[in-house]
Amino acid sequence: MFRFLLVRIASAIPLLFVLSVVTFAIIKAPPGDYSDYIRSQMINQGGASFEAADAQAKAYKIANGLDKPIPVQYINWITGIVTRGDFGHSLFYNKPVSEVVGERLPRTLALALVCHILASVIGISFGILAATRQYTWVDSLLSGISFLGMTVPRFLMALIIVYILVFHFNVTEINSFNSARYSGATWSFGKFVDLLQHVWPVIAIATFGGLAYNMRVMRGNLLDTLNAQYVETARAKGLSERQVILRHAVPNALHPLIMYQGVVLPYMLTGEIETAIIFALPTVGPAIVGSMWVGDVYVTATFMLVLSATLIVGNIIADMLLALLDPRVRLGGGAHA
């Protein structure tokens, strides 16, 4: 098993390198950078002439290495990451990118993990319930919920909730994790409840989309498993239907869902990102959009690299879980790996 893990990690390193190259190239492909943002700000808000603003922008560009060719900028960036753990300097926030990521990524991962746990537990439960009550009103209702979760865009659900909260319930503090009276307070039960009151729309929307897939896959696979020969044999031995379902059918129907865990974390992250952008929460989503808007390339590239890494880590975890559940799942198909 340890060798299996080492092989998966070793194969992931070149992939992560390729993803970093592609990500950096795509981000740098559009014309313009942070120096253009400085020029426009000096002209529009500072009242500077174009010549003065352009000279300042060019000086800033040279001082921060933005005038160098894209390959050189990439090499400098990736070398700093590998040798010093330095992800570059945020031009917009005027501090190391690692600090920007450190402030926002833990919140995003915490929300994504909560959404993932809820989506898995609720989705799998709904799938079992729908499969064991096939063609009943329960199955129809849960299938309808699943259909809505997979088809309704998450940003649309976020916009609807924002409209309801603002115009019908007069909620004003929707762009923060806590109310003003709790922003600087130490952690307490009251602050935790206040946090839930601010983040529940993000959790609800991301969970709704995630549980839809879990339910559909669980329902389909459980229906196939319930017709398998070994399940009929278990019934013939006199086991109750509950024992047959929970001890024999459900564990074997979980294989595709375990494979899905390889992509579920990035999926939950994107769900959180879409919703957080609408609610303007201080997480990864608004930071990515804001950095792309002003041309803060190192912040954008680092966040995209982190999201790519979560996809790779998620797939490794899924492979390990499958290998533990089924020893036949090994590289090369051998049980000795």
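In this predicted model, the axes of helix H6 (residues 137-151) and helix H8 (residues 189-226) come within 8 Å and cross at roughly 130°. That angle makes H6 oblique to H8, because an angle counts as roughly antiparallel when it is over 145 degrees and as roughly perpendicular from 65 to 115. The handedness of this H6 and H8 crossing is left-handed.

H8 also takes part in a crossing with helix H10 (residues 241-253), where the axes come within 8 Å and the angle is roughly 125°. H8 is therefore oblique to H10. Here H8 passes H10 in a right-handed crossing.

| Helix pair | Axis approach | Crossing angle | Source |
|---|---|---|---|
| H6 and H8 | within 8 Å | roughly 130° | |
| H8 and H10 | within 8 Å | roughly 125° | |

Attention now turns to the largest pocket. Its space amounts to about 290 Å³. Lining this pocket are 19 residues, and those closest to its centre are Ile27, Gly32, Asp33, Met292 and Gly295.

Several helices contribute to the lining of the largest pocket. Helix H1 (2-28), helix H2 (34-44), helix H12 (284-294) and helix H13 (297-325) each supply at least two residues. H12 provides the largest share of the lining, with four residues.

In terms of domains, the lining of the largest pocket takes at least three residues from domain 1 (1-96) and at least three from domain 2 (105-330). Nonpolar residues number 11 in the lining of the largest pocket, while four residues are polar and four are charged.

Technical notes. Residues numbered from 1 in each chain as written. Predicted model: local features only at pLDDT ≥ 70, side-chain atom pairs only at ≥ 80, totals over all residues. Heavy atoms only, no water. 1 Å grid on protein atoms, 1.4 Å probe; cavity = no way out; pocket = protein on both sides within 12 Å on 5 of 7 lines; lining within 4 Å. Points joined across faces, edges and corners; volume = space filled by probe spheres on them. Nonpolar A, V, L, I, M, F, W, Y, C, P; charged D, E, K, R; others polar. Domains from an automatic or database assignment. Axes fitted to C-alpha atoms, helices over the stretch in contact; angles between N-to-C directions. Parallel < 35°, antiparallel > 145°, perpendicular 65-115°, else oblique. Left-handed = near helix turned anticlockwise from the far one by under 90°.
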